[in-house]
Amino acid sequence: GEHLEGRVRQILDGLQVPKRDAGLIAAPSPGILSLWGEEGEVKLALGAPADRPGRPAPLKELPPPDPAHVAWVARHAIELKSIDPTNSDFADVHPLKTLIGDARIVMLGEQSHGDGAVFHTKTRLIRFLHQEMGFDVLAFESGLYDCRRAWQAFRSGEPPRAAAEQGIFGIWTMSQEVQPLLQYLASQAATDHPLELAGFDDQLTARASREHLSRGVTDGARR
């Protein structure tokens, strides 16, 4: 369809294939696209192994879990009563205070960049760490420069999503489940105990670097 053709055009742009040298024809089988150019036909497999076009790779049968591992998890797991990002009754996560102790850095991972339930859970944990344990910096896997500019936008009162889009990767800023976190950052930005946004990625990740970095470097060099 048009959406799929548009995505292929994006792929071609990324490969720097001139549009005049490439054409798109109907898929010969599910999951396969055929592209025609000056060198002949090139096939792109979309999520299907080359030897089994159009069919998903079989899942390997996993062995049963080790009972000792299951028992360890059962003994040490902390049961969350809620993943509602607005829930401020943190009694269920108080055991984390003992585990975290006087650590200055807490890492919150995610098994996928598209898991909304995890985003909600982490938002609630971030609020707990900020409100009850004194943490005051939220470092995203996004650009150092971009997130600095995004934080300035939060401090100046820009709408949460618009401010975040200055620096944070779109996989998060475009997610509906991340919006409560962005709103929380905005609500705390002008308080006596803000949760400051930072980045720890050396990439240029968002609007700020595209719109301001070149001019900022030029102005700095002239001083």
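**Exercise 1.** Which residues form one aromatic cluster? Classify the pairs within it and state the burial of each member.

*Solution.* The model is a predicted one.

Step 1. The structure contains 4 aromatic pairs. For Phe140 and Trp172, the ring centres are 5.5 Å apart and the planes meet at 65°. Planes over 60 degrees apart count as edge-to-face, so the pair of Phe140 and Trp172 is edge-to-face.

Step 2. This pair joins distant parts of the chain, with Phe140 in strand β4 (residues 137-143) and Trp172 in helix α7 (residues 170-173), 32 residues apart.

Step 3. Phe169 and Trp172 also form an aromatic pair, at 6.4 Å centre to centre and with 50° between the planes; this pair is tilted.

Step 4. The cluster therefore consists of Phe140, Phe169 and Trp172.

Step 5. Buried means under 20% relative accessible area. Phe140, at 10%, is therefore buried, and so is Trp172, at 5%. Phe169 has a relative accessibility of 23% and so counts as partly exposed.

**Exercise 2.** Which residues touch the most other members of the largest nonpolar core? Identify the elements that contribute to this core.

*Solution.* 

Step 1. The largest nonpolar core has 21 residues, of which Leu138, Phe140, Phe154, Ile168 and Leu197 touch the most other members.

Step 2. Two or more residues each come from α4 (116-133), β4, α5 (144-155), α6 (160-164) and α8 (179-188). The greatest contribution is that of α5, with 5 residues.

Step 3. Leaving aside residues up to four places away in sequence, Phe154 touches Pro160, Ala163, Ala164, Leu182, Leu185, Ala186, Ala189 and Leu197.

Step 4. Another core, of 7 residues, lies apart from the largest one; Ile100, Phe128, Leu129 and Phe135 are among its members.

**Exercise 3.** Which residues lie closest to the centre of the largest pocket? Describe the composition of its lining.

*Solution.* 

Step 1. The largest pocket holds about 710 Å³ of space. Its lining comprises 26 residues, and Val106, Met107, Leu108, Leu138 and Ala139 are the closest to the centre.

Step 2. The elements giving two or more residues to this lining are α4 and β4. The largest share comes from α4, with 6 residues.

Step 3. By residue class, the lining divides into 17 nonpolar, 4 polar and 5 charged residues.

Notes
Residues numbered from 1 in each chain as written. Predicted model: local features only at pLDDT ≥ 70, side-chain atom pairs only at ≥ 80, totals over all residues. Heavy atoms only, no water. Phe/Tyr/Trp six-rings, centres within 6.5 Å; stacked < 30°, edge-to-face > 60°. Helix = DSSP H or I, 4+ residues; strand = E, 2+ residues; numbered from the N terminus. Buried < 20%, exposed > 50% of the residue type's maximum accessible area, 1.4 Å probe, protein only. Core = buried A, V, L, I, M, F, W, Y, C linked by side-chain atoms within 4.5 Å. Contact = heavy atoms within 4.5 Å. 1 Å grid on protein atoms, 1.4 Å probe; cavity = no way out; pocket = protein on both sides within 12 Å on 5 of 7 lines; lining within 4 Å. Points joined across faces, edges and corners; volume = space filled by probe spheres on them. Nonpolar A, V, L, I, M, F, W, Y, C, P; charged D, E, K, R; others polar.
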